[in-house]
Amino acid sequence: MADDYLVRIGRLIRDARQHRGWTQAQLAEALATSQSAVNRIERGNQNISLEMIARIGEALDSEIVSLGYAGPMHLRVVGNRRLSGAIDVKTSKNACVALLCASLLNKGRTVLRRVARIEEVYRLLEVLSSIGVRARWINDGRDLEIVPPAELDMEAVDADAARRTRSIIMFLGPLLHRLRSFKLPYAGGCDLGTRTIEPHMIALRRFGLDITATEGLYHAQVDPAVTPDRPIVLTERGDTVTENALLAAARHDGITVIRNASSNYMVQDLCFFLEALGVRVEGIGTTTLTVHGVPHIDVDVDYCPSEDPVEAMSLLAAAVVTESELTIRRVPIEFLEIELAVLEEMGLDHDRSTEYTADNGRTRLVDLTVRPSKLEAPIDKIHPMPFPGLNIDNVPFFAAIAASAQGQTLIHDWVYDNRAIYLTDLNRLGGRLQLLDPHRVLVEGPTRWRAAEMMCPPALRPAVVVLLAMMAAEGTSVLRNVYVINRGYEDLAERLNSVGAQIEIFRDI
């Protein structure tokens, strides 16, 4: 077999195993082989017979694996269907990946409840596993148990997995307390234009971290004698930048003040988790965080991240564009209030329940019922701001919503270089979006959506926006190669089907 074919088969086997909730050791036991053999198979480094492929398929109850490489996943969408009933919001993708990185701070056992089973999480688990961390799904695959080794093996890091997620950048904060030198692959993720790590370095240099970038790797050196002697002022109020600074401060033996910090939902969840580890954090929810670090953390911790406000916005947008009545349960209202205020001004008809508390004991939730509404374009432009402003990741959903409204809406996505460009893919489905420059798009509504077959945009939120438009379109659409959607959403097609959508998952055999 060609090496490329082996790699493809290995990826299919890995994905099927993770979907089953098995570790490599569990699959090895079912096959009466070794974990190292399963590891080689999944990496494409071992010849594999058709008989073995069939055995693996039988063990994992996966017809796809038994057939061999089946190609990328696509979606076939029968549109113009009304949604109804209720759907729950899953736990936050961005909080989950931050907590996976934060688990490196702890020498004890970390249990994360209701972790989002998405490709971004799987990539980080592959990286963690490759450096010696034991991670396994427990409680019928609902929760994740993480146990670190005494020593991390950074020489064995899974570079392919690391380069498929930008979240790998948040390894820097925890690792600088564990190692004096290490190498980390370049961060990947969505194609959103140029994104440097310099804001991260401005913060982390204050903890003695120095990085040289060569040949696809960050070469890190740590000088333990260097510690913050004054407040750290972040040069951008970014979520991952703030999280990296928090992760570095958590095990710094002293008090660290972080200014111009993000107070967004994933940052708050990380702060709550750090408190569970014994790290005191003052100012949660504000732009100034004071961290009382603990140099040694060895505790057994059990934590449940809160629900995802961006997924909640996705489901809300699905109801709007399909002109449906839908109840969205477990909405983290604190992080969706600006969006709802804008939508109310546009004419959205909705109700919300009384507030109740998320499983983390801190985040406020509501159940939100959205009804078909006659929307008018907003008077002001739609643009993101750091929390408590309109969430950067929620901006793309306003493209589909604005296309359903009467009038012209200007959307200004000043944060990312390319994302506004991807929104013009809606024109393939009948939208009338005019790109004014790489950051601004003018949306004309209302839209009579029409079916189309197209490739998935290479950025997560615009890809979901295209899917939502297909759900509203008359006829049958095809969205090809939806890996990027699976990076951020767990079983999205199946869950939308549960409330009335008709989306079929298929592969090219």
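Reader: How many residues lie between strand 4 and strand 5 in their hairpin, and which residue in the turn has a positive phi?

Author: This is a predicted model, in which local features need pLDDT of at least 70 and side-chain atom pairs count only at pLDDT 80 or more, while totals for chains, interfaces and linings use all residues. Residues are numbered from 1 along each chain as its sequence is written, and side-chain values use heavy atoms, with hydrogens and water left out. Strands (E, at least two residues) and helices (H or I, at least four residues) are DSSP runs numbered from the N terminus, and two strands pair if DSSP finds at least two bridges between them. Here four residues separate strand 4 from strand 5 in the hairpin, and Asn139 in the turn has a positive phi of about 55 degrees. The two strands, residues 134-138 and 143-147, run antiparallel and are joined by five bridges, with Arg134 standing opposite Val147.

Reader: How many residues of helix 11 are buried, and what covers them?

Author: Buried means under 20% relative accessible area, exposed means over 50%, and partly exposed is in between (1.4 Å probe, protein chains only). By that reading, 10 of the 12 residues in helix 11 are buried, among them Val241, Glu243 and Leu247. Contact means heavy atoms within 4.5 Å, and the cover over these buried residues includes helix 6 (93-102), helix 12 (265-276) and strand 12 (288-292).

Reader: In what order do the strands of the open sheet stand, and which strands are at its edges?

Author: The order is 18-20-19, with antiparallel pairing. Strand 18 (407-412) and strand 19 (432-437) each have a single partner strand, so one side of each is left without a neighbour in the sheet. Axes are lines fitted to C-alpha atoms, for helices over the stretch in contact, and angles run from 0 to 180 degrees between N-to-C directions; with direction ignored, neighbouring strands of this sheet are turned by 20 degrees against each other on average. Strand 18 is joined to strand 20 (residues 440-445) by six bridges, and Gly407 has Gly445 as its bridge partner. Helix 15 (residues 395-403) lies across strand 18, strand 19 and strand 20, running at about 30 degrees to strand 20.

Reader: Why does Ile421 count as partly exposed, and which residues is Ile421 in contact with beyond its sequence neighbours?

Author: Ile421, which lies in helix 16 (residues 419-423), counts as partly exposed because its relative accessibility is 32%. Leaving aside neighbours within four places in sequence, Ile421 is in contact with Leu435 and Pro438.
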